[in-house]
Structures are given as C-alpha cells and as structure tokens.
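Subject: The model we talked about

Hi,

Here is the structure for you to open alongside this note. Have a look at it, and then read on for what turned up.

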Amino acid sequence: MSATPLLELRNVTKVFQSGVRKTPANMTVALRDASLVLPDGTATATAIAGESGSGKTTMARLLLGFIKPSEGQILYKGVDITKMDKAQRLAYRREVQPIFQDPFEVYNPFYKVDHVLTTPLRNFGLYAGEEQKRIEEALEMVGLRPKETLGRYPHQLSGGQRQRIMVARALLLRPRIIMADEPVSMVDASLRATILDELRKLVSEFGISLLYITHDLTTAYQVCDDIVVLYQGTVTEVGSVEKVIRDPQHPYTRLLVSSIPLPDRTQRWGEDDSAITEEQARRSTSGCRFAPRCARAMEECWTQIPPLFRVDPDRAASCFLRKDAPVLPSEQVGQVLKVMRPGDAGNAPAA
Ligand SMILES: Nc1ncnc2c1ncn2[C@@H]1O[C@H](COP(=O)(O)OP(=O)(O)OP(=O)(O)O)[C@@H](O)[C@H]1O
Ligand SMILES: [Mg+2]
C-alpha cells in the first residue's frame with residue numbers, strides 16, 4: 001500500500017454565504033475542520049452519515065471538486081485538486097465518480113439510456129471501437145440485461161433500473177472511488193438490499209473504494225467498514241462502523257443510534273431529552289454544536305469546540321465527556337480508519 005492516500009480531505013471548512021453582506025446570519029458553516037482519508041492500494045467502504053443539513057452532500061461535492069473549500073485542502077494522490085495540471089485533472093475526474101440521489105434528475109427524457117452510457121466514454125476518449133461491448137459488460141455487472149435496457153427511454157425503466165444504470169455508468173469509467181449520495185432513497189424497499197449488495201461488491205470484487213452518503217445508519221452498518229458522523233457540519237464521531245454503531249461515545253451518535261432497530265443491540269444509554277431545559281435549548285453555543293440538545297452538556301461545552309478524542313484505537317469522538325482519551329488532530333483521522341489502523345491492514349484487492 002502506498003503511503004500517499006488516494007483521496008484526502010484535510011482540515012476542510014466550507015462556509016456558504018447566502019446574502020450579499022457577510023453578516024453572521026447570512027453565513028452557514030456547512031463543514032468545519034473536517035478531514036477524511038481514503039487510502040491507496042486497498043478498497044474501503046466509508047459511510048458519511050448525519051441528519052438532513054449536517055453537511056454530507058457538501059463533503060461529497062468538495063471531494064468531487066464541484067465546490068471549493070473556504071479553508072483546508074483536498075488532495076488526490078497527494079496533489080491539491082486546485083493545482084492539478086490537465087492530465088492530473090482528467091485522471092481525477094474519471095477516477096472519482098459520483099452516483100446521485102435522484103437518477104431522474106440527470107436523465108434527459110428525450111435521450112435513450114444509451115446516451116447516458118456512451119457520452120462519458122466519448123468525453124474521456126475511452127475504449128474507441130469497443131464501446132458497445134464495454135457498455136454491455138457494465139450493464140451485466142449490475143444485473144441488467146443489455147437487450148432489455150439499451151434502446152429504451154428513461155420512463156420505460158423502473159427507478160431501480162435507472163439507479164443501476166447510474167452504477168453501470170460509473171463502473172464504465174473504471175473509477176478508483178465511487179461516491180454514492182443517498183443512492184437508494186428513491187428506490188423501493190424490495191430493491192434497496194440488492195442495490196446495496198451491488199455497491200458492496202464494488203469494494204470486494206472490483207477493488208473500488210466507496211463513499212456511501214446516507215442518513216440511514218442501518219444501511220451504513222450493512223455496507224461500510226468505517227463511518228463519519230456529522231452534526232451541523234462537525235465530525236462528532238469517526239472510525240469503525242462496528243464500534244460507532246454498537247457502542248457510540250458521542251451523545252449525538254447515541255441519540256441517532258437509539259432510533260434504529262438493531263437485531264441484537266444490548267446497550268441502552270438512558271440519554272434523556274426531557275432533561276434539557278428550554279433555556280438550554282435556546283442558549284447559543286460557540287463550542288460544541290450539539291450542546292443545546294445534550295443532556296450532559298458541561299460548562300466548557302458551550303465555549304470550546306471539542307477536538308476529536310481517540311477513545312479506541314479505531315475510533316474517535318469529539319466530546320469533552322471523553323477528554324480522558326488522547327486528542328486526535330483532525331488531519332490524523334486516517335489513524336482510526338480501517339486500512340491505516342495498526343495491525344488491521346485492508347483485505348480487498350487493488351483496482
Ligand atoms: N449552495 C449553498 N448555499 C448556501 N447554503 C448551502 C448550500 N449548500 C448547502 N448549504 C447549507 O449547508 C448545510 C449543509 O447542507 P448539505 O446539503 O451538505 O446537507 P446534507 O447533510 O447533504 O443534507 P440532506 O440529508 O438533506 O441531503 C445546510 O445548512 C444547507 O442549507
Ligand atoms: Mg444531501
């Protein structure tokens with residue numbers, strides 16, 4: 001495994017300004033000092049989880065280079081994506097492929113689905129002369145029959161088929177990373193498991209790293225090795241999905257986890273929302289974003305932003321309740337992720 005990560009988000013903050021003037025009310029900190037590392041040489045599945053507005057899509061769009069960080073850097077194969085030469089940029093755009101929430105949006109209803117598959121090949125100048133063969137292969141990889149798929153218009157396919165076409169489209173480009181933002185939220189429950197299985201296969205069979213963005217911890221647990229939990233743009237907890245979901249350490253993660261049905265979860269934490277006074281809920285915080293909702297908020301939580309504390313070798317939580325553990329600087333977050341953890345090298349084949 002190469003020491004240089006494949007893709008790295010390093011101390012990234014993203015502030016959106018909605019009005020013309022820079023008043024605090026006009027500024028949204030969508031992401032604050034967030035770091036993430038996807039290693040080279042080993043494929044991993046990482047979930048980015050959190051409730052609506054927590055910054056998940058912002059993180060994905062930053063990693064895809066669609067928006068620029070306000071602070072911090074995004075590096076692909078060690079190169080800052082804002083400083084790439086033409087060849088580096090082309091490789092990055094091909095090798096990091098998004099799959100979006102709503103496949104309807106990206107389909108032009110007047111083009112046959114073939115168009116969605118041939119256009120990227122043409123744009124990247126890939127597989128000249130054998131496009132058809134490669135397209136059929138990619139469709140088969142995601143369980144679609146080329147004969148029943150090609151030549152059709154989007155409205156002649158089901159939502160699940162459309163979503164699989166998006167996976168096939170991403171696969172065609174032989175990416176190193178697939179970034180799937182709520183890929184199954186528009187798909188009915190019966191198909192959800194199949195598509196998630198296919199995403200998981202990208203990692204285990206094709207050696208492609210997966211970033212799975214979701215508000216749904218159950219599927220994050222099924223599909224991923226690692227998880228990053230976001231709350232109002234801050235990373236509350238990060239590391240092994242097993243640890244974070246089975247035994248969360250941040251009160252926010254506990255709240256999230258307590259609302260999901262896990263088959264054999266034994267832990268109950270007794271986090272009690274009713275202990276929160278109206279005054280607390282209204283109090284503004286310059287420290288932990290979660291303080292107004294935290295039954296265990298202490299005085300320091302309101303004034304200081306908690307760093308990540310490495311509570312386990314493979315997990316960190318940004319909560320002063322765990323300040324007994326060593327501080328993990330944001331940019332060293334890779335240390336608690338699967339492939340960087342000592343004695344826990346990854347297992348999937350390289351792409
Ligand atoms: N272009 C933008 N301009 C201004 N504010 C934005 C913009 N994009 C996102 N935001 C704000 O940044 C915050 C994070 O948004 P983001 O889309 O990343 O959330 P999310 O976690 O993906 O939510 P969801 O689960 O609803 O998709 C929100 O408060 C959102 O309103
Ligand atoms: Mg989103």
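Nine strands make up an open sheet with mixed pairing, in the order 6-7-8-3-9-10-12-11-13. Strands here are DSSP E runs of at least two residues and helices are H or I runs of at least four, both numbered from the N terminus; two strands count as paired if DSSP finds at least two bridges between them. At the edges are strand 6 (96–99) and strand 13 (327–328), each pairing on one side only.

Before going further, a word on the source: this is a predicted model, in which local features need pLDDT of at least 70 and side-chain atom pairs count only at pLDDT 80 or more, while totals for chains, interfaces and linings use all residues. Residues are numbered from 1 along each chain as its sequence is written, chains are lettered from A and ligands numbered from 1 in the order in which they are written, and side-chain values use heavy atoms, with hydrogens and water left out.

Back to the sheet. Strand 3 (residues 45–49) is largely enclosed by the rest of the structure, because five of its five residues are buried (buried means under 20% relative accessible area with a 1.4 Å probe, protein chains only; exposed is over 50%, and partly exposed lies in between). Ala 45, Ala 47 and Ala 49 point one way, and Thr 46 and Ile 48 the other. Strand 3 runs parallel to strand 8, with five bridges, and Ala 47 has Tyr 212 as its bridge partner there. Strand 3 is also parallel to strand 9, through four bridges, where Ala 49 is partnered by Val 229.

Further along, strand 7 (residues 177–181) and strand 8 (residues 209–214) are parallel and joined by five bridges, and Ile 178 sits opposite Leu 210. Leu 210 also has contacts (heavy atoms within 4.5 Å) beyond four places in sequence, including Thr 44, Ala 180, Leu 199 and Val 223.

Leu 210 belongs to the largest nonpolar core, which has 63 residues; with Ile 99, Leu 139, Ile 165, Leu 217 and Ile 227, Leu 210 touches the most other members. A nonpolar core is a set of buried Ala, Val, Leu, Ile, Met, Phe, Trp, Tyr and Cys residues joined through side-chain atoms within 4.5 Å.

Now the helices. Helix 11 (residues 251–258) lies across strand 9 (226–231) and strand 10 (234–240), at about 105° to strand 9 (axes are lines fitted to C-alpha atoms, for helices over the stretch in contact, and angles run from 0 to 180 degrees between N-to-C directions). Seven of the eight residues of helix 11 are buried, so the rest of the structure largely encloses this helix. Those buried residues pack against helix 9 (217–223), strand 9, strand 10 and helix 10 (241–246). Helix 2 (residues 86–95) lies across strand 6 and strand 7, at about 35° to strand 6.

There is also an open sheet of four strands, antiparallel, in the order 2-1-4-5, with strand 2 and strand 5 (79–80) as its edges. Two bridges join strand 4 (residues 71–76) to strand 5, and Leu 75 stands opposite Asp 80. Helix 1 (residues 56–63) lies across strand 1 (7–17), strand 2 and strand 4, at about 120° to strand 1.

Happy browsing!
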